[in-house]
Amino acid sequence: MWIDTHCHLDAPEFDADRDAVRQQARAAGVGLCVLPAVQRSDWPGLQALAMRHRDGYALGIHPLYVPQADEGDLLALDAALNEARDDPRLVAVGEIGLDFFVPELCTPDMRERQWHFYVAQLALAQKHSLPVILHVRRSADGLLKGLRHAGVAGGIAHAFNGSVQQAQAFIGLGFALGFGGAMTFERATALRALACRLPLEALVLETDAPDIPPQWVYRTAEARAKGLAQGRNAPAELPRIAQVLAELRGVGLPALAQATSRNAQRVLPRLEALS
Ligand SMILES: [Zn+2]
């Protein structure tokens with residue numbers, strides 16, 4: 001069985017065929033998806049969706065949604081985590097983190113605001129004894145600094161694309177690193193080298209659907225200029241993404257499925273009861 005540890009199944013891109021998308025993934029062997037949240041108004045829908053498909057979910061405020069979030073959202077997160085404390089499907093606080101790629105999020109004010117929401121959500125994860133799902137984009141060192149202060153019990157650094165040193169620092173803090181569609185491109189040589197070099201125990205698989213399309217779904221700028229829409233990633237792509245990792249590492253698919261699922265259950269312990 002495969003676990004897609006990061007899938008935005010509640011995204012509007014799936015409005016027309018959400019249930020079919022989840023069924024296709026199940027038919028492809030993806031037994032479990034983890035649905036991370038991006039903003040407060042989506043939390044109830046996300047919880048209902050996880051319930052309907054017997055998946056796991058996380059609650060949190062994504063860094064890209066920090067500009068429109070306020071202090072009331074942090075209070076609401078505390079209350080929602082409290083309310084869901086006996087819900088076995090609540091597996092983490094997320095998706096939280098820092099994004100220093102998007103220019104509007106890099107002004108001094110926005111950096112400070114992102115930091116405030118990140119640290120506050122780490123404190124909530126600690127308070128509620130939950131791991132975290134981290135959004136890492138040009139922000140690994142800042143994220144690590146926050147983690148060292150908060151003493152959070154691990155989780156997943158999603159769509160990881162940093163250095164070996166940064167990867168090892170996350171691993172040392174009880175994190176697994178999420179690998180997905182970005183690794184399927186031959187030109188992603190640094191990321192592929194990292195996916196080979198890290199211990200198998202540190203890796204989990206993810207699609208980040210509908211985003212980060214793998215190479216066979218991705219449409220080039222040239223194709224898009226001709227009017228084709230960017231390809232939509234889906235959780236059913238996970239086994240084929242896994243095949244790329246299996247070939248890179250020279251490991252069999254069943255062994256990779258077993259190892260990555262076990263890793264996911266180790267860093268998000270509540271997944272074990274759902275598997
Ligand atoms: Zn995400």
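Analyst: What follows goes from the whole chain to single residues and their contacts.

User: What kind of model is it, and how are the residues numbered?

Analyst: This is a predicted model, in which local features need pLDDT of at least 70 and side-chain atom pairs count only at pLDDT 80 or more, while totals for chains, interfaces and linings use all residues. Residues are numbered from 1 along each chain as its sequence is written, and side-chain values use heavy atoms, with hydrogens and water left out.

User: OK. How many helices and strands does the protein chain have?

Analyst: The protein chain has 10 helices and eight strands, where helices (H or I, at least four residues) and strands (E, at least two) are DSSP runs numbered from the N terminus. Its radius of gyration is 17 Å, close to the 19 Å that the globule rule gives for 275 residues, so the chain is as compact as a globular protein of that length. That radius is taken over C-alpha atoms, and the globule rule is 2.2 Å times the number of residues to the power 0.38. Along the principal axes, the C-alpha atoms fill a box of roughly 45 × 40 × 40 Å.

User: And what share of the residues is buried?

Analyst: Of the 275 residues, 53% count as buried, with buried meaning under 20% relative accessible area, exposed over 50%, and partly exposed in between (1.4 Å probe, protein chains only). If you look at contacts (heavy atoms within 4.5 Å), residues 24 or more positions apart account for 70% of those with a separation of 6 or more.

User: Switching to residues: where is His6, and is it buried or exposed?

Analyst: His6 lies in the loop between strand E1 (2-4) and helix H1 (18-27), and it is buried, with a relative accessible area of 0%. Not counting residues up to four places away in sequence, His6 touches a set of residues that includes Glu95, His158, Glu206 and Asp208.

User: Which side chain does His6 pair with in a polar contact?

Analyst: The side chain of His6 makes a polar contact of 3.2 Å with that of His8. A polar contact here is a pair of N or O atoms within 3.5 Å; within protein, one must be able to donate a hydrogen and the other to accept it, and residues adjacent in sequence count only if both atoms are side-chain atoms.

User: Tell me about His8 then. Where is it, and what else does its side chain reach?

Analyst: His8 is also in the loop between E1 and H1, and at 8% relative accessibility it counts as buried. Its side chain forms a polar contact of 3.1 Å with the side chain of Glu95, and one of its polar side-chain atoms lies 3.5 Å from the backbone oxygen of Pro36. Beyond its neighbours within four places in sequence, the contacts of His8 include Phe14, Val38 and Pro210.

User: Which residues other than glycine have a positive phi?

Analyst: Among them is Arg54, with a phi of about 60°, found in the loop between helix H2 (43-53) and strand E3 (56-59). Arg138 is another, with phi near 55°; Arg138 sits in the loop between strand E5 (132-137) and helix H5 (140-150) and is exposed, with a relative accessible area of 65%.
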